[in-house]
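Here is a friendly walk through one protein model, written for someone meeting it for the first time. Please keep the viewer open while you read.

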Amino acid sequence: MRIGYGWDSHEFKKGVPLRIGGVELKHTHGLAGHSDGDVLLHALTDALLGAIAAGDIGSHFPPSDPQWKGADSSIFVLEALTKVRQAGWEVCNVDSTLILDAPKIGPVANRIRQSIAELLEISPEDVGVKAKTPEGMGTEKAAIAHVVVLLEKHEDHKRLEVAAAMLEADNHVDEVVKQLVKDVRLEKAPAKK
Ligand code: MG
C-alpha cells in the first residue's frame with residue numbers, strides 16, 4: 001500500500017467562477033489561479049503524484065506554460081491517475097479537508113464527493129470531503145485544501161508479482177538441481193590415481 005498527501009491554497013477573487021472538486025459553486029468570489037483555481041483538485045493531484053513519488057503538480061503542469069491557462073483542473077487529476085495506474089497502483093480511498101470562510105461546503109459536499117469519485121472511478125463512499133472555517137488563522141481571503149489518498153496494488157500487478165516470484169523460485173530450483181547433479185557426478189567420478 002502507498003499513502004499520498006497534497007496541500008494547496010488559492011486566493012479568492014471577485015468575478016471568477018468558484019470551482020471546488022470539479023463542481024461549480026454559487027458564490028460572490030472564485031479562486032484566482034493560472035488554471036481554473038480548483039484548490040481541491042490541485043491538492044488531490046499532488047496527493048496522487050506524491051503516493052508514487054512522481055513529483056508534484058508544478059513539475060508536470062508548470063504555471064508558466066500558457067496551455068494550462070484557464071485549464072479544467074480535472075485534466076491534472078486524470079494525468080496523475082494515469083501515472084498511478086501505470087505504476088501498478090489503484091486508488092483505495094481519498095479523504096480531504098477544506099478550510100474556507102465561505103461558501104458553506106456541507107450542503108454541496110455530496111456533489112463534490114460524487115465529482116471526485118467519478119474522476120477517480122471509485123465509489124463516493126470512498127471519498128471524504130470535510131470543511132472547516134479558518135477561525136483564528138487569518139486566512140479568510142483564501143481557500144485551503146488538504147488531501148490524503150491510499151493506493152493498493154492493482155490486481156493484475158499482484159498476479160504478475162506472484163508469477164515473477166514463482167519464476168524466480170523455478171530458476172532457483174534449476175540451480176539447486178544443477179548443483180546436485182554436479183555433486184553427484186563428482187562423487188561418482190573415478191578417483192584419480
Ligand atoms: Mg493550485
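Met 166 is exposed, with a relative accessible area of 55%. In this predicted model, Met 166 sits in helix H5, which covers residues 155-188. If you look for Ala 80, you will find that 86 residues separate it from Met 166 along the chain, while the C-alpha atoms of the two are 32 Å apart.

Now step back to the whole protein chain. Five helices and seven strands make up its secondary structure. Read from the N terminus, the order of the elements is β-β-β-β-α-α-α-β-α-β-β-α. The chain is more spread out than a compact globule, because its radius of gyration is 26 Å, well over the 16 Å that the globule rule gives for 193 residues. Along the principal axes, the C-alpha atoms fill a box of roughly 100 × 35 × 30 Å.

How much of the chain is buried? Of the 193 residues, 37% count as buried. The chain exposes about 11500 Å², and carbon and sulfur atoms supply 55% of that area. As for contacts between residues at least 6 apart in sequence, 74% of them join residues at least 24 apart.

Next, turn to the metal site. Which residues coordinate the magnesium ion? Asp 8 (OD), His 10 (NE2) and His 42 (ND1) do so, at 2.1 to 2.2 Å. Along the chain, these donors follow the spacing D-x1-H-x31-H. Asp 8 counts as buried because its relative accessibility of 16% is under the 20% cut-off. His 10 is buried too, with a relative accessible area of 12%.

There is also a nonpolar patch on the surface, formed by Ile 3, Tyr 5, Trp 7 and Val 148, which together have about 420 Å² of accessible area. Strand E1, spanning residues 2-14, gives the most to this patch, with three residues. Val 148 belongs to strand E7, which runs over residues 142-153. Is Val 148 buried, partly exposed or exposed, and what is its value? Val 148 is partly exposed, at 33% relative accessible area.

Here are the accessibility values of the residues met along the way.

| Residue | Relative accessible area | Class |
|---|---|---|
| Asp 8 | 16% | buried |
| His 10 | 12% | buried |
| Val 148 | 33% | partly exposed |
| Met 166 | 55% | exposed |

Definitions and conventions: Residues numbered from 1 in each chain as written. Predicted model: local features only at pLDDT ≥ 70, side-chain atom pairs only at ≥ 80, totals over all residues. Heavy atoms only, no water. Patch = residues over 30% accessible without salt bridge, like charges linked within 9 Å, V, L, I, M, F, W, Y side chains within 5 Å. Areas by Shrake-Rupley, 256 points an atom, 1.4 Å probe, with all protein chains shown as cover. Salt bridge = Lys/Arg side-chain N within 4 Å of Asp/Glu carboxyl O. Helix = DSSP H or I, 4+ residues; strand = E, 2+ residues; numbered from the N terminus. Buried < 20%, exposed > 50% of the residue type's maximum accessible area, 1.4 Å probe, protein only. Donors = N, O, S within 2.8 Å, 3.2 Å for Na, K, Ca; no water. Rg over C-alpha atoms; globule rule 2.2 N^0.38 Å. Contact = heavy atoms within 4.5 Å.
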